[in-house]
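Here is a short briefing on one protein model. Look at the structure first, then work through the points by topic.

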Amino acid sequence: MDVIGNNISNCSTTGYKAQRTAFGQLLASKMSDTTKTVLVGNGVRNVSCGIDPTGADVMATQGSLDLAISGNGWFCVQNNGQKEYTRDGSFSLSMSGNTAYLVNQNGAFVLDSSGKQVSGTIDSKSNNVDIGSMLDKVGVFAFSNPEALTPASSNTYLSNAYTGTATTASKNDYTVLKG
C-alpha cells in the first residue's frame, strides 16, 4: 500500500522513479489424499522492493540549464559531502565570487564524470558564464543494478552494496538533451 501510495503521489514529479514490489509465497504445506500430494499456500509476503530505472517521457522546458537523459544513466550531485543520483535535470547556477557552479533545485552541486563540481568562470568583459561548456561537463553514471538504488530525498537516490559501484556511463547508452 505504501509503494502504491508513494507512486501515485509522485506521478507528476520530474525525474521520479516509480517503486515496485514483488511478492513470494509465505508458507506452503503439504496436503495429500490417496492419489497425490498437493502443496497449499498460506499467504504471500513482500520479498523485494526497488525502483523502476527505465526512462520516462522527456518534456521540453526551454530552460537553458535543464537537461534530460534519454536512455540509461544518472546525474550525480554532491549533497553535504554525500553523492546522490538523480534523473531530475532541472539545474541552476550558484555564484561564488567569479565562479558559477551548476546545482540542482536543492543547491546540491552537480558533478562531472571524475566527481568534481561542474563550474565555470564569469567572463570579466561580458559578465556572462559559458553555460554550454558547463553543461557539456555534466557526468552521467551507470550501475550494474540500478533497481536497488535507495530513495534518499527530493528525487535523489543513494548507491548501496546491491547497486554496484557507480561508473561513467557508456556514451552509446544515453544522450543528454538540453532544454
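The largest nonpolar core has 19 residues. Within this core, F75, L102, V110 and V138 touch the most other members. This is a predicted model: local features need pLDDT of at least 70, side-chain atom pairs count only at pLDDT 80 or more, and totals for chains, interfaces and linings use all residues. Residues are numbered from 1 along each chain as its sequence is written, and side-chain values use heavy atoms, with hydrogens and water left out.

**Nonpolar cores**

- A nonpolar core is a set of buried Ala, Val, Leu, Ile, Met, Phe, Trp, Tyr and Cys residues joined through side-chain atoms within 4.5 Å.
- Buried means under 20% relative accessible area, exposed means over 50%, and partly exposed lies in between (1.4 Å probe, protein chains only).
- Of the 19-residue core, β5, β6, β9 and α2 each supply at least two residues.
- These element names come from DSSP runs: helices (H or I) have at least four residues, strands (E) at least two, and both are numbered from the N terminus.
- Which residues does V110 contact, leaving aside its neighbours within four places in sequence? They are C76, V77, F91, L102, V103, N104, K116, Q117, V118 and V138.
- Contact here means heavy atoms within 4.5 Å.
- There is also a second, separate core of eight residues, including W74, C76, L111 and Y157.

**Aromatic pairs**

- The structure holds five aromatic pairs.
- Rings of Phe, Tyr and Trp (its six-membered ring) pair if their centres lie within 6.5 Å; planes under 30 degrees apart count as stacked, over 60 as edge-to-face, and the rest as tilted.
- One of the pairs joins Y85 and F143, edge-to-face, at 4.9 Å centre to centre and with 90° between the planes.
- Y85 lies in strand β7 and F143 in the loop between β12 (141-142) and β13 (150-151), so this pair ties together parts that are 58 residues apart in sequence.
- Y101 is partly exposed, with a relative accessible area of 21%, and F109 is partly exposed at 26%.
- Ring pairs also link Y85, F141 and F143 into a cluster.

**The salt bridge**

- Side chains of opposite charge can pair when their charged atoms come close.
- A salt bridge is a side-chain nitrogen of Lys or Arg within 4 Å of a carboxyl oxygen of Asp or Glu.
- How many does a search of the whole structure find? It finds one.
- D136 forms a salt bridge with K178, and their closest N and O atoms are 2.8 Å apart.
- D136 lies in helix α2 (residues 131-136) and K178 in strand β16 (residues 174-178), so the pair ties together parts that are 42 residues apart in sequence.
- D136 counts as exposed at 56% relative accessibility, while K178 counts as partly exposed at 48%.

**A hairpin**

- Strands β8 (residues 92-96) and β9 (residues 99-103) run antiparallel, joined by five bridges.
- Two strands pair if DSSP finds at least two bridges between them.
- The bridge partner of S92 is V103, in β9.
- Two residues lie between the strands of this hairpin, where G97 takes a positive phi near 65°.

**Loop residues**

- Most residues other than glycine have a negative phi.
- Q62 is not a glycine, yet its phi is positive, about 65°.
- Q62 sits in the loop between β4 (44-51) and β5 (67-71), and is exposed at 66% relative accessibility.
- N80 also has a positive phi without being a glycine, near 55°.
- The loop between β6 (75-79) and β7 (82-86) holds N80, which is exposed at 79% relative accessibility.
- M59 is in the loop between β4 and β5 and is exposed at 66% relative accessibility.
- M59 and G179 are 120 residues apart in sequence but 8.8 Å apart in space, C-alpha to C-alpha.

**Confidence**

- pLDDT is the predictor's confidence in each residue, from 0 to 100.
- The protein averages a pLDDT of 82, and 69% of the residues score at least 70.
- Where pLDDT is low, the predicted coordinates should not be read in detail.
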